[in-house]
Amino acid sequence: MNDLRARKVRGLNAARRRLGKVQIPVALGMTVVWMLLFKGFEPRPESLGIAVLGFLVSAVIMMVFPMPPISPGFRFWPVQCVRLFFHVLWKMVVASSQVTLQVFRPGPPVRSSVVAVQLRTDSDLMLVCTAITTSVIPGSVIVEVAQPEHTLYVHVLGAESEAEVRKAKQIILTLEERIVRAVGTRENIAALEAATPAGKENA
C-alpha cells in the first residue's frame, strides 16, 4: 500500500515538473503561429477551437521537449499591448489594400527591394517578435535574420525608390518600438530609448 502511494506521489511530482516546463509566453507565441497556419484569425465558428487546440499542442510540445527558460523574458504592459494590437491590425488593413492595388494596377510589374533593418535592442525575444509580426503584415517577408547583429533582411513589395526604402525601414522600426513597449522588459525599453535619440543608422 505504501509502495502504491509512493508511486502515485512520484507520478504527481513528475507531472508537476512537466507542467512547470510550459512557458506561457512561448505557448501563446506558438499559438499565434498555429492560428496563422490554419487561418484561425478569420471570423468563423471554428476559430476559437483552433486557438484552444493550438495552445494545447504548444503545451504538449514543451512538456515532451522542454525548452530552456527565457531570460530575461517578457513583461506585459496592458495599455501598450492594446496599442500594439490596433497598430498591427491597422497596418494589416492598409498593407492589404496597397498590395491589392499594386497587383491589379496596369503597367509594368511591381518592383521590390530587400531592406536591411538593424534593430535597436539586443534582445533575441524582441528580434523574434518583430520578425514574426513583420511577416504577418502583407507585402513584407523576412528573408534572413542576422542574430549577432540583430538585423532583419526584409523583402518589401513595391519599395522601388530610396524614399520608399526609408519608409519601409521606419515602419519596421516603429513596429519594433511598439513591441518593445508592449512586451519588453524595463531593460529592453531603456535600450530602445537610449538608441533612439542617437539616430542609430540602418544599413
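1. The second largest pocket is lined by 22 residues, with Gln-98, Val-156, Leu-157, Lys-167 and Ile-171 nearest its centre. Two or more lining residues come from each of α4, β3 and α6. Helix α4 gives the most, with 7 residues. The space in this pocket is about 560 Å³. By class, its lining divides into 13 nonpolar, 6 polar and 3 charged residues.

2. Basis of these values. The model is predicted: local features need pLDDT of at least 70, side-chain atom pairs count only at pLDDT 80 or more, and totals for chains, interfaces and linings use all residues. Residues are numbered from 1 along each chain as its sequence is written, and side-chain values use heavy atoms, leaving out hydrogens and water.

3. Terms for the pockets. A pocket is an open set of points on a 1 Å grid over the protein atoms alone, where a 1.4 Å probe fits, with protein on both sides within 12 Å along at least five of seven lines; lining residues have an atom within 4 Å of a point. A volume is the space filled by probe spheres set on the points, which are joined across faces, edges and corners. Nonpolar means Ala, Val, Leu, Ile, Met, Phe, Trp, Tyr, Cys and Pro; charged means Asp, Glu, Lys and Arg; the others, Gly among them, are polar. Helices (H or I, at least four residues) and strands (E, at least two) are DSSP runs, numbered from the N terminus.

4. The largest pocket has a volume of about 1,200 Å³. Its lining has 33 residues; Leu-28, Gly-29, Val-32, Ile-132 and Thr-133 lie nearest the centre. Helix α2 gives the most to this lining, with 9 residues. The lining holds 26 nonpolar, 5 polar and 2 charged residues.

5. Thr-31 also lies in α2 (residues 24–37). Thr-31 counts as buried because its relative accessibility is 8% (buried is under 20% relative accessible area, with a 1.4 Å probe and protein chains only). Its side chain reaches the backbone nitrogen of Phe-55 at 3.4 Å. Leaving aside neighbours within four places in sequence, Thr-31 is in contact (heavy atoms within 4.5 Å) with Ala-51, Gly-54, Phe-55 and Ser-58.

6. Strand β3 (residues 151–157) pairs with β1 (residues 112–118) in the antiparallel sense over 7 bridges; pairing needs at least two DSSP bridges between the strands. His-155 in β3 is the bridge partner of Val-114. Strand β2 (residues 140–146) also pairs with β3 in the antiparallel sense, over 6 bridges. Here Tyr-153 in β3 is the bridge partner of Glu-144. The β2 and β3 hairpin has 4 residues between the strands, and His-150 takes a positive phi near 55 degrees.

Technical notes
Buried < 20%, exposed > 50% of the residue type's maximum accessible area, 1.4 Å probe, protein only. Polar contact = N/O pair within 3.5 Å; in protein donor to acceptor, adjacent residues only side chain to side chain.
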